Amino acid sequence: MSSEKFQTIESLAVPLPIENVDTDQIIPARFLKATTREGFGENLFRDWRFDKSGAPKKDFVLNNNTYKGSILVGGKNFGSGSSREHAAWAIHDYGFKVVVSSFFADIFKNNALNNGLLPVQVSESFLLTLIRAIESNPSTLIKVDLEEQLITITDSGASESFDINPYKKECLLNGYDDIDYLLSIKEKIVEFEKSRS
Amino acid sequence: MAGKTLFDKIWDKHVVDEIKGGPSVLYIDRHLVHEVTSPQAFAGIESRGISLFRPENTVATPDHNVPTIDQHLSIKDELSRFQVNKLTENCKKHGVTLYGLNHPYHGIVHVIGPELGITQPGLTMVCGDSHTSTHGAFGSVAFGIGTSEVEMVMATQCILQPKPKKMLISVDGELSEGVTAKDVVLYIISKISASGGTGYFIEFAGSAIRNLSMEGRMTVCNMSIESGARGGLIAPDETTLKYIKGREFAPSGADFEKAVESWKLLKSDEDAVFDLELHFDAADIEPMITYGTNPGMGAKIKAKIPTVEEIDSAARESYEKSLAYMGFEAGSPISGRKVDYVFVGSCTNGRIEDLREVAQFVKGKKKADHVTAWIVPGSKQVEKQAHKEGITEILEAAGFKLRQPGCSACLAMNDDKVPEGMLAVATSNRNFEGRQGPGSRTMLASPLTAAAAAVTGEVTDPRSLL
Ligand code: SF4
């Protein structure tokens with residue numbers, strides 16, 4: 001699905017320093033029955049966010065007015081488990097544009113990139129610095145510059161560069177779509193099929 | 001030049017093109033589809049005004065949402081019914097073969113692929129489901145993809161993929177009595193953690209792996225994803241060929257012989273270099289069970305849950321959160337806990353050998369009164385075979401009932417949900433918070449260990465009852 005062009009973001013951030021956040025937590029299976037891509041944000045982190053009666057759980061970070069913004073800062077091994085792309089849709093639909101972690105599960109990373117959600121992988125020590133900065137001052141601004149591949153804590157100027165596949169970077173910056181690309185090389189694919197038979 | 005790994009051999013043969021500084025364009029031989037991760041992809045190609053590029057290489061079945069009783073009736077849950085109907089509609093419209101509910105080939109997508117001979121050595125296979133790794137047991141490169149990628153395959157039979165690194169895991173020696181394929185893979189994941197395989201594709205080798213049946217190998221490859229790996233594979237051998245021969249979609253006659261010639265070349269070269277090699281001793285493996293909320297949190301069933309001090313300081317907070325969810329105390333013995341539910345089934349352990357193992361174990365025994373047990377075959381064919389072999393009667397005599405095929409309580413998208421707070425011993429592959437229903441608690445184990453729990457009503461080392 002082609003998405004908007006990814007611009008540099010400077011935003012407050014929401015800390016979720018939990019390891020191994022799996023996609024079953026991000027969007028539980030019982031909410032996967034929709035046949036469109038929209039509306040999954042409503043049930044993002046459903047069972048951490050709401051109790052059985054549907055009332056918000058006060059101690060969960062998304063219900064805490066202190067933290068806002070379009071950057072989610074997670075713990076190590078974010079997005080493990082089920083390949084459901086609904087997890088990336090839910091995070092994006094909720095309003096996040098960037099997820100930061102020291103380690104992403106492979107499929108989640110692909111899914112995020114395919115949906116205009118930027119996974120920013122930082123070192124464990126920088127992740128800790130980020131979490132501390134946000135938790136000690138929730139109005140801390142974080143800047144994510146995709147062109148420069150740099151994440152910076154605005155106040156302190158502490159920054160770290162991050163990796164991204166150059167092709168994926170181009171796609172995000174320009175809002176390109178993998179499927180358009182694949183369709184454009186269809187002749188090559190047909191050639192390939194012939195060469196095998 | 002160093003030799004090639006099995007993974008390289010298959011991958012390289014499927015690369016249509018390389019994008020400079022980017023992923024490879026990888027050709028996909030077989031695409032499996034189910035109801036949950038496909039509707040948005042079908043909608044995607046429709047909105048582009050295109051049709052499926054190679055519909056003949058795609059097979060679909062509804063499995064996640066389906067009820068496991070009264071399958072002849074219309075699905076009660078409205079949203080589930082809608083999603084399953086949508087799949088039927090989409091398959092009809094786009095010319096995709098569908099094995100719908102009540103079809104003799106219906107079942108969990110990863111059970112029917114191998115069973116029908118769709119899964120073969122040397123192929124690339126994908127499905128919008130992480131446990132596509134199961135098919136690697138035949139020496140194919142098989143892995144799970146997201147819905148955007150499902151759409152790519154529908155549109156062009158290709159996906160864009162960065163090539164993963166390669167890991168070799170060998171397990172040598174003999175497994176002792178009561179130790180099964182499930183224990184092997186739970187053991188491996190407990191050693192390398194739920195993220196230890198991230199970025200890798202694993203080749204499983206060694207005498208203990210070779211000695212596994214095809215179904216055991218599928219169990220191992222199925223759970224390779226639970227270490228974070230993209231998938232796992234095992235070089236084909238006589239066991240593989242014997243399994244494939246005569247299956248519905250397998251090549252037959254001279255074609256089979258020809259295929260065998262090329263399949264025999266599918267192994268890692270002696271001098272192939274892996275990015276990481278790990279070796280384990282089969283003799284150290286015992287019946288395993290998980291005690292936490294990710295599949296890496298497993299231990300020998302007779303062991304104790306690790307104390308907080310034994311856990312790396314950075315991981316302690318997550319560890320304590322996990323145990324708090326389970327309601328378990330660090331340092332306490334794993335065995336002896338009261339079990340409320342037992343689930344035998346899923347694409348990990350819902351095959352005929354699993355049902356045979358359970359039947360043989362419970363024969364002449366009785367299920368504990370307080371335990372609710374769900375025994376769910378992975379497919380219609382497994383169900384039929386179980387009836388034929390008298391497994392159904394043995395189970396019934398022991399107080400169990402065989403349900404109808406589907407994913408069932410593995411992920412609780414259907415009606416089979418473990419109630420809040422209840423403790424389940426399950427043969428499936430994920431013990432995440434709420435995986436088997438909101439607030440449910442799951443311990444993953446082998447079919448034998450699950451059967452033992454059903455009989456005693458508590459977490460029990462199955463060897464004590466053999
Ligand atoms: S049985 Fe479980 S893991 Fe397997 S495909 Fe179904 S839901 Fe996924």
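The radius of gyration is taken over C-alpha atoms, and the globule rule is 2.2 Å times the number of residues to the power 0.38. The model is predicted: local features need pLDDT of at least 70, side-chain atom pairs count only at pLDDT 80 or more, and totals for chains, interfaces and linings use all residues. Side-chain values use heavy atoms, with hydrogens and water left out, residues are numbered from 1 along each chain as its sequence is written, and chains are lettered from A and ligands numbered from 1 in the order in which they are written.

**Figure 1. The two chains, A and B, in outline**. For the 466 residues of chain B, a compact globule would have a radius of gyration near 23 Å, and the 21 Å of chain B agrees with this. The C-alpha trace of chain B spans about 55 × 55 × 45 Å along its principal axes. Chain B holds 16 helices and 18 strands; helices (H or I, at least four residues) and strands (E, at least two) are DSSP runs, numbered from the N terminus. Buried residues account for 67% of the 466 residues of chain B, where buried means under 20% relative accessible area, exposed over 50%, and partly exposed in between (1.4 Å probe, protein chains only). Chain A has 8 helices and 8 strands, and 56% of its 197 residues are buried. A compact globule of 197 residues would have a radius of gyration near 16 Å, and the value of 18 Å for chain A agrees. The principal-axis spans of the C-alpha trace of chain A are about 60 × 45 × 25 Å.

**Figure 2. A salt bridge between the chains, formed by A:Asp24 and B:Arg435**. The closest N and O atoms of the two residues are 2.9 Å apart; a salt bridge is a side-chain nitrogen of Lys or Arg within 4 Å of a carboxyl oxygen of Asp or Glu. The pair crosses from helix α1 (residues 23–26) of chain A, which holds A:Asp24, to the loop between β17 (423–426) and β18 (441–444) of chain B, which holds B:Arg435. Both A:Asp24 and B:Arg435 are buried. Over all chains, 34 salt bridges are found in the whole structure. A network of salt bridges links A:Arg37, A:Glu85, A:Asp177, A:Asp180, B:Arg48 and B:Glu151.

**Figure 3. Salt bridges within chain B**. B:Arg210 and B:Asp237 meet through their side chains in a salt bridge of 2.7 Å, N to O. Distant parts of the chain are linked by this pair: B:Arg210 lies in helix α7 (residues 207–210) and B:Asp237 in the loop between β11 (231–233) and α9 (238–244), 27 residues apart. B:Arg210 is partly exposed, with a relative accessible area of 32%, whereas B:Asp237, at 18% relative accessibility, counts as buried. A salt bridge of 3.0 Å, N to O, joins the side chains of B:Glu226 and B:Arg430. Because B:Glu226 lies in the loop between α8 (214–222) and β11 and B:Arg430 in the loop between β17 and β18, the pair ties together parts of chain B that are 204 residues apart in sequence. B:Glu226 and B:Arg430 are both buried.

**Figure 4. Helix α5 of chain B, a mostly covered element**. Just after the helix, B:Gln157 takes a positive phi of about 60 degrees.

**Figure 5. Positive phi values at A:Phe45 and A:Asn77.** A:Phe45, a residue other than glycine, has a phi near 50 degrees. A:Phe45 is placed in the loop between α1 and α2 (46–49) of chain A and is buried, with a relative accessible area of 1%. A:Asn77 is not a glycine either, and its phi is positive at about 60 degrees. A:Asn77 is found in the loop between β3 (71–74) and α3 (86–94) of chain A; at 2% relative accessibility, A:Asn77 counts as buried.

Figure 6. At 4% relative accessibility, B:Phe400 counts as buried. The C-alpha atoms of B:Phe400 and B:Ile285 are separated by 29 Å, the two residues being 115 residues apart along the chain.
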